[in-house]
Amino acid sequence: MTTNTIYQFYRLLEKDTISFSYRGSFSNNVLTMATQLFKDNVEERHEKLRNKLSFLMIESFQNISRYADSEEEISLDDNSEFFMTRNIGDTFYVISANLIDNDKIPMVREKLEQVNTLDKSELNKLYREVLTNKQINEKGGAGLGFIEMVRKTKGKLPFDFVTVDNKQSMFFMQIELRNPKIDDGLPSISLSDAKQIQALVAQENILMMHKGDYSEDAVGPMLKMVEENMQNVSLKIHKKIFHFLVEILQNISKHSYALNGKHEGIFQIGYDHKNFRIGTGNFILNSKIENLKNLLNMVNSKTVDELNALYRKYLREGKITNSGSAGLGLIDLARETLDKINYEFIKINNTYSFFSLTVKF
Amino acid sequence: MSEPINLEKTKNSPEIILDKGASIFKIAGRSIVEDPKDFYTPIYNWIEDYIKAPLKATNFVFDLEYFNSSSARQIMEIIMLLEKIPATGNKVKVDWLYEEGDEMSKERGDEIKLVSKLDFEIKEYPAEDF
C-alpha cells in the first residue's frame with residue numbers, strides 16, 4: 001500500500017457512491033457488518049432494494065463459504081477469498097471470489113450455465129424441483145443459491161475461473177441488482193473490473209477497503225464495522241487501528257473538500273505479514289495544502305520524545321483551536337506510527353487536489 | 001448545589017455521572033465526539049460550580065476505553081479544574097481505570113498523570129469474559 005496506489009484505487013472506484021471490499025478468510029461477522037453498512041448508507045430512493053441487496057449479499061457470501069475449503073486455518077492475509085459490494089448510479093453489484101478445486105469447476109460451471117439460460121418460469125420450476133429433491137449433495141444444495149440469485153437479479157450471473165495453479169482456481173461471480181423504477185442509463189460494469197480490483201487488492205496486501213461519503217454520520221457505522229471485524233487481532237492492535245481510524249476519518253469529515261456536497265474519501269487497512277497499514281485518500285482545496293504540508297513536515301521531522309513533549313504541552317495549554325485540532329491528531333499519529341507519515345498531493349485542477357496518506361504500525 | 005448530571009453512554013460519547021449527593025464522579029466509555037467542546041461545556045460548567053464548595057474528599061473516576069485527540073484536550077480541562085480543589089482545603093483524587101491488556105488506555109492514563117498535578121492512580125481491572 002502506497003500513497004500512489006490509494007489514488008489508483010480511487011480512480012478505479014471513482015463512480016462508486018459506496019463500495020466496500022474485504023479480502024481474507026471470512027467470518028459471518030464480516031457479512032453482518034457489510035450488510036449493515038449498506039443498509040445504513042443506501043440512499044433513500046433505493047430503500048425498496050435494501051432487503052434484496054442484503055439477501056443477495058448473504059447468498060453470495062454463503063456461496064463463498066460453501067465452496068471454499070474451510071479446513072485450513074484462518075489467517076488474516078490470505079488470498080483465498082474476496083468479497084465486494086458496489087453502488088454505482090442506481091445499480092448495486094455484489095462480487096465474490098474464492099478458491100475452488102479445479103476438479104469442481106465443471107460442476108459449478110454447469111449449474112451456472114443452466115440457470116443463466118432459463119427464463120423466469122423455468123427458474124421457478126427448477127427451484128421447486130431442487131427444493132423437493134432429497135438427493136441434494138452434502139455441500140448444501142448450492143444450485144438453489146444460484147437459482148435464487150439469478151431470480152432476484154432478473155438477469156444473468158457473470159462468472160469466470162482464473163487458474164491459480166494445477167490444483168486450484170479463483171472463482172469469480174458478480175450479481176447485478178438494478179432498481180426497476182429508476183434507469184440511470186449506465187452500462188453494467190464487467191466482471192473484468194472486479195478481477196482487476198481483486199488482483200490489485202491482493203498485490204497490495206489490502207484487507208479491507210471502503211470508498212464513500214465521509215461526512216460525520218458515515219464515520220460511525222464504518223468504525224463500528226472495522227471494530228467488529230478486527231476481533232481476531234490482539235487488543236493492542238485492535239485499539240491502534242481504531243485510534244488511527246477515528247483520527248483520520250474525522251479529519252476527512254472536517255477538513256476535506258466536499259465535491260457535490262459529499263466528503264468523498266477512501267480508506268484501506270492492509271497487513272503484510274508483519275505490519276498493519278492504514279491508508280486514506282480524500283480531496284483537499286489547493287489553498288489548504290501548504291499549511292497541511294508544513295504541519296506534516298513538522299511532525300515528521302520530530303523524534304517520538306519531541307512529539308510527546310509537544311502533545312503534552314498542547315494538552316495543558318490547549319492552544320489549538322477547534323479547526324486546528326487536526327494538529328493534535330497529526331502529532332498523535334506521528335508518535336504512534338512506526339515510520340513517518342507518508343503523504344502525497346496529486347493535483348486534480350486549479351481548485352483541489354487528491355491527498356493520500358499512509359501510516360504503519 | 002447543582003442538579004446531578006447523569007448522561008447515558010452513546011456510540012460516540014461516554015457515560016457521565018456527576019452527583020455530589022451520592023459522591024459519584026465518573027466518566028466512562030468512549031469519547032469520539034467530533035465537537036467535544038459542545039459536548040463537554042455543560043460538564044465543565046458543572047464542575048466549575050462544584051469546586052466552589054466541594055466535598056471533603058472527591059474521588060473522580062475515568063474509565064475510558066477510547067478517546068480521540070480532541071476529547072483528550074477536554075478531559076485535560078476537567079483535570080485542570082479539579083486541580084483547584086486542594087486550595088479549598090479539601091481532598092481530590094483521580095482513579096484512571098483500564099481493562100487488563102488495554103495498553104493504549106493505560107499509556108494514555110500514564111501520560112495524563114504525568115502532566116497533571118493531582119493525586120492520580122492508574123488501576124487495572126480484569127478483562128470481560130465473552
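This is a predicted model: local features need pLDDT of at least 70, side-chain atom pairs count only at pLDDT 80 or more; totals for chains, interfaces and linings use all residues.
View 1. B:F60 is buried at a relative accessible area of 1%, where buried means under 20% relative accessible area, exposed over 50% and partly exposed in between (1.4 Å probe, protein chains only). Beyond its neighbours within four places in sequence, B:F60 is in contact with B:L18, B:F25, B:I27, B:I47, B:I78, B:L82, B:K93, B:V94 and B:D95; contact means heavy atoms within 4.5 Å. The C-alpha atoms of B:F60 and B:M80 are 13 Å apart in space, and these residues are 20 apart in sequence.

**View 2. Aromatic cluster in chain B.** Ring pairs join B:F60 with B:F25, B:W46, B:Y50, B:F62, B:F67, B:W96 and B:F120 in a cluster. Rings of Phe, Tyr and Trp (its six-membered ring) pair if their centres lie within 6.5 Å; planes under 30 degrees apart count as stacked, over 60 as edge-to-face and the rest as tilted. Over all chains, the structure holds 23 aromatic pairs.

**View 3. Stacked pair A:F276 and A:F361.** The ring centres of A:F276 and A:F361 lie 6.2 Å apart with planes at 20 degrees, so this pair is stacked. The pair links distant parts of the chain, 85 residues apart: A:F276 is in strand β8 of chain A, and A:F361 is in the segment after β10 of chain A. A:F276 is buried at 5% relative accessibility, and A:F361 is buried at 7%.

**View 4. Packing of helices α1 and α2 of chain B.** Helix α1 (residues 36–50) and helix α2 (residues 69–82) of chain B have axes that come within 10 Å and cross at roughly 5 degrees. Axes are lines fitted to C-alpha atoms, for helices over the stretch in contact, and angles run from 0 to 180 degrees between N-to-C directions. The two helices are therefore roughly parallel (angles under 35 degrees count as roughly parallel, over 145 as roughly antiparallel, 65 to 115 as roughly perpendicular and the rest as oblique). Residues of α1(B) including B:Y40, B:I43 and B:I47 meet residues of α2(B), among them B:I78, B:L81 and B:L82. The contact comprises eight nonpolar, three polar and three charged residues; Ala, Val, Leu, Ile, Met, Phe, Trp, Tyr, Cys and Pro count as nonpolar, Asp, Glu, Lys and Arg as charged, and the others, Gly among them, as polar.

**View 5. Helix α9 of chain A against helix α3 of chain B.** Helix α9 of chain A (residues 235–255) packs with helix α3 of chain B (residues 103–115) at about 65 degrees, their axes 8 Å apart. These helices are therefore roughly perpendicular to each other. A:K236, A:K239, A:K240 and A:H243 make the contact from α9(A), and B:E103, B:M104, B:S105 and B:R108 from α3(B).

**View 6. Open sheet of chain A.** Ten strands of chain A form an open sheet with antiparallel pairing, in the order β4-β5-β3-β2-β1-β6-β7-β8-β10-β9; two strands pair if DSSP finds at least two bridges between them. Its edge strands are β4 (159–163) and β9 (342–347), each pairing on one side only.

**Notes.** Residues are numbered from 1 along each chain as its sequence is written, and chains are lettered from A and ligands numbered from 1 in the order in which they are written. Local features need pLDDT of at least 70, side-chain atom pairs count only at pLDDT 80 or more, and totals for chains, interfaces and linings use all residues, while side-chain values use heavy atoms, with hydrogens and water left out.

Methods. Helices (H or I, at least four residues) and strands (E, at least two) are DSSP runs, numbered from the N terminus.
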